[in-house]
Amino acid sequence: MCGIFGIEGHVDAANFTYLGLYALQHRGQESSGIVSWDGERMQVERGMGAIADVFGEETLERLAGERALGHTRYSTAGASAIHNAQPIVVNTSMGPVAIVHNGNLVNAANERRRLEHSGSIFQTSSDTEVVLHLMACNPRQDLVDSLMLALQRVRGAYSLIVVTPDELIAARDPHGFRPLTLGDLDGKPCFASESCAFDLLGARAVRDLEPGEVVVARNANLESHRLAVHRQPASCLFELVYFARPDSSLFGDSVSEARLAMGARLAREAPADADCVVPVPDSGLFSALGYSRESGLPLEFGLIRNHYVGRTFIEPKQSIRDFGVKVKLNPVRPLIEGRRVVLVDDSIVRGTTSPKIVRMVRAAGAREVHLRISCPPTVSPCYYGIDMPTRDELIAANNSVDEICELVGADSLAYLSLDGLYDSVSNERGGYCAACWTGDYPEVPADHDRRQVELFPRQEA
Ligand code: AMP
């Protein structure tokens with residue numbers, strides 16, 4: 001996952017990009033970068049870590065110009081290293097181009113091999129660079145045409161923003177896997193992965209880009225183009241379950257309302273004879289509230305999250321993740337002791353986190369722990385930009401719900417049904433990608449067996 005932001009025609013372009021990225025920090029914190037076009041050249045600042053680690057007043061001052069874009073990265077293709085930090089900036093025969101990308105291209109390895117055979121030299125191991133090479137190999141008078149040609153060759157998930165000397169371009173793949181929203185800041189167009197970025201800036205959320213739409217912003221003017229490729233829309237439902245911020249609206253839904261509906265439905269599908277509902281913060285907060293409202297059981301903040309630790313999953317190394325679980329959550333004994341607890345979380349992936357939390361809640365004196373999960377069992381890896389392990393590592397791919405219940409040490413375990421999940425969101429079920437729960441992939445990757453992070457051989461930084 002990644003967060004992307006871009007703005008056109010604003011004197012404080014880089015500052016607003018910095019603020020926009022701040023609001024999108026939950027989408028990745030491995031690396032951050034901003035590029036601006038200062039009228040003569042691309043100015044770029046990138047570094048490993050979160051926005052606050054990379055940017056200060058001085059760095060922002062260097063990013064002059066009225067057109068900027070930025071990226072906050074969580075690697076799903078290519079190693080977590082500075083050479084893969086975005087934006088990627090290149091010089092082509094059409095002029096300089098900078099790009100940021102959220103998603104995962106499923107034919108990037110094949111395209112890269114083909115391009116390398118005809119002489120391309122890649123600087124990164126990121127799938128995003130393939131788009132730039134495809135553009136450079138097919139120059140056109142109008143750079144927008146060259147980008148659209150390149151996008152017709154790549155397959156998979158991309159929401160991306162491009163800066164050129166003349167324009168800012170935003171594009172969403174024909175399935176619309178990842179979100180991308182158009183905003184308006186004092187009459188200036190801006191684009192963000194999620195609408196919460198606009199709230200921070202005081203910008204107005206205008207609309208989501210359509211799947212397959214390419215929007216070109218030149219000064220205050222907007223042009224909308226369509227890629228010639230048409231596909232079944234497949235917006236990622238896991239964004240609504242877990243990834244997006246609850247104060248955003250995505251794919252036509254308020255994230256918080258969708259999660260409340262998931263929790264309420266879960267309470268109807270899987271009631272528990274219990275005394276209270278405890279959310280696993282922050283991911284389980286809204287579904288737990290929905291569960292509590294529907295069941296009439298009181299909501300208790302029985303687990304406290306240390307907010308100075310990043311999301312447990314965000315770092316790609318297993319050792320860091322294991323440490324993260326312990327350092328992140330602590331029970332509030334007076335709220336839990338002697339009570340039968342319904343513990344609500346958004347998902348179980350590997351199943352390494354839940355047993356620790358269940359143990360923690362029992363150690364704080366809970367008499368019973370009933371675990372409720374606000375999505376169906378995760379049985380298939382994601383190839384479209386969510387960091388997920390291989391099928392072998394997914395606990396639900398290899399164990400029944402009863403077996404998982406035993407493995408996590410809960411008194412009972414229930415997942416939200418797929419029907420329940422679809423009923424909690426607005427669009428028709430055909431409009432979403434639910435492959436992580438069904439194994440039904442809208443776009444089959446070129447090499448199905450590979451993990452996303454190993455799409456390309458790892459390189460040292
Ligand atoms: P685990 O079952 O130990 O793999 O961890 C599952 C927990 O990690 C869930 O409760 C989510 O809150 C969170 N999570 C699930 N999927 C992801 C993901 N792709 N990236 C980051 N965090 C995730």
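Axes are lines fitted to C-alpha atoms, for helices over the stretch in contact, and angles run from 0 to 180 degrees between N-to-C directions. The structure is a predicted model, in which local features need pLDDT of at least 70, side-chain atom pairs count only at pLDDT 80 or more, and totals for chains, interfaces and linings use all residues. Residues are numbered from 1 along each chain as its sequence is written, and side-chain values use heavy atoms, with hydrogens and water left out.

Helices (H or I, at least four residues) and strands (E, at least two) are DSSP runs, numbered from the N terminus. Helices H5 and H6 pack at an angle of about 125°, with their axes 8 Å apart. H5 and H6 are therefore oblique to each other, a class that holds angles not under 35 degrees (roughly parallel), over 145 (roughly antiparallel) or 65 to 115 (roughly perpendicular). In contact terms (heavy atoms within 4.5 Å), Val 131, Leu 134 and Met 135 of H5 meet Leu 143, Ser 146, Leu 147, Ala 150, Leu 151 and Arg 153 of H6.

Strand S1 (residues 2-8) is largely enclosed by the rest of the structure, because seven of its seven residues are buried. Cys 2, Ile 4, Gly 6 and Glu 8 point one way from S1, whereas Gly 3, Phe 5 and Ile 7 point the other way. Strands pair if DSSP finds at least two bridges between them. S1 pairs with S4 (residues 67-73) in the antiparallel sense over seven bridges, with His 71 as the bridge partner of Ile 4.

Definitions and conventions
Buried means under 20% relative accessible area, exposed over 50%, partly exposed in between (1.4 Å probe, protein chains only).
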